[in-house]
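Here's a friendly walk through one protein model, written for someone opening it for the very first time. Have a look at the sequence and the 3D view, then read on.

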Amino acid sequence: MKKMSFKKEAGKQYDESARNLAKRKCTMIYLVVFYILYQAYGIVNSKLMNETTMTWTGVIIGAGILVVGSLTVAVFATIKMGKELAESEITEDAIEADINREADCGRDEETYNEIARRDRNEETYNEHTTTNCREEAETN
């Protein structure tokens with residue numbers, strides 16, 4: 001596992017879609033955190049306005065649990081985002097694996113077709129001719 005890294009390092013390539021996904025997930029978690037903090041504020045505010053029958057002990061315990069819990073979730077989200085951003089780095093091994101996968105893709109499709117023809121199962125033949133290899137070839 002790689003160390004957390006929030007910034008891009010010069011001279012390295014990154015998977016931008018993975019980085020954007022990590023940022024969006026963290027943003028969504030932060031929105032939940034702010035909502036929970038807002039609920040804690042609501043509990044305290046309702047006690048200050050004498051709109052609730054809760055005791056001060058109950059208010060402090062309830063709001064405290066919400067605040068501590070939301071801050072814990074925020075720290076977890078930040079750590080998770082940092083790790084995902086660090087893992088978005090494209091290494092030489094990943095580039096070589098993609099090249100090898102593309103080279104093997106045609107052979108895999110031929111193997112599936114041969115097996116399907118040998119079995120004389122029309123459903124299997126149709127299923128294997130629409131493999132990811134064909135979809136990747138069309139997108140490239």
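## A salt bridge to start with

Let's begin with a pair of charged side chains: Lys25 and Glu84 form a salt bridge, and their closest N and O atoms sit 3.1 Å apart. A salt bridge here is a side-chain nitrogen of Lys or Arg within 4 Å of a carboxyl oxygen of Asp or Glu.

Before going further, a word on where this comes from: the model is predicted, so local features need pLDDT of at least 70 and side-chain atom pairs count only at pLDDT 80 or more, while totals for chains, interfaces and linings use all residues. Residues are numbered from 1 along each chain as its sequence is written, and side-chain values use heavy atoms, with hydrogens and water left out.

## Glu84 and its partners

How many salt bridges does the structure hold? There are two. Besides the bridge to Lys25, Glu84 also forms one with Lys80, where the closest N and O atoms are 3.2 Å apart. Glu84 and Lys80 are four residues apart in helix α2, so about one helical turn separates them. Put together, Lys25, Lys80 and Glu84 are linked in a network of salt bridges.

Is Glu84 buried or exposed? Glu84 is buried, with a relative accessible area of 18%. The cut-offs are simple: buried means under 20% relative accessible area, exposed means over 50%, and partly exposed is in between (1.4 Å probe, protein chains only). Leaving aside neighbours within four places in sequence, Glu84 is in contact (heavy atoms within 4.5 Å) with Ala22 and Lys25.

## The overall layout

Now zoom out. The protein has five helices and two strands, and from the N terminus on they run β-α-α-β-α-α-α. Helices (H or I, at least four residues) and strands (E, at least two) are DSSP runs, numbered from the N terminus.

Of the 140 residues in the protein, buried ones make up 19%. Take the contacts between residues at least 6 apart in sequence: 70% of them join residues at least 24 apart. The protein exposes about 10,600 Å², and carbon and sulfur atoms supply 57% of that. Accessible areas come from the Shrake-Rupley method with a 1.4 Å probe, and for residues only the protein chains shown count as cover.

## Helix α1

Helix α1 covers residues 16–48, which is 33 residues. From first C-alpha to last, α1 reaches 47 Å, close to the 48 Å expected at 1.5 Å a residue. That expected span is 1.5 Å times one less than the number of residues in the helix.

Which residues of α1 are buried? They are Arg19, Ala22, Cys26, Val33, Ala40, Ser46 and Lys47. What covers them includes β1 (13–14) and α2 (56–87). Just after α1 ends, Asn50 takes a positive phi of about 55°.

## Helix α2

Helix α2 has 32 residues, which should span 46 Å at 1.5 Å a residue; its end C-alpha atoms are 46 Å apart, so the two values agree. Its buried residues are Val59, Ala63, Ser70, Ala74, Ala77, Met81, Gly82, Glu84, Leu85 and Ala86. Their cover includes β1, α1 and β2 (89–90).

Not counting residues up to four places away in sequence, Ser70 touches Val33, Ile36 and Leu37.

Val44, Leu48, Met49, Trp56 and Ile60 make a nonpolar surface patch of about 510 Å². The elements that give two or more residues to this patch are α1 and α2. Leu48 lies in helix α1 and is exposed, with a relative accessible area of 53%.

What counts as a patch? Patches are made of residues with over 30% relative accessible area and no salt bridge: like charges are joined within 9 Å, and nonpolar side chains (Val, Leu, Ile, Met, Phe, Trp, Tyr) within 5 Å.
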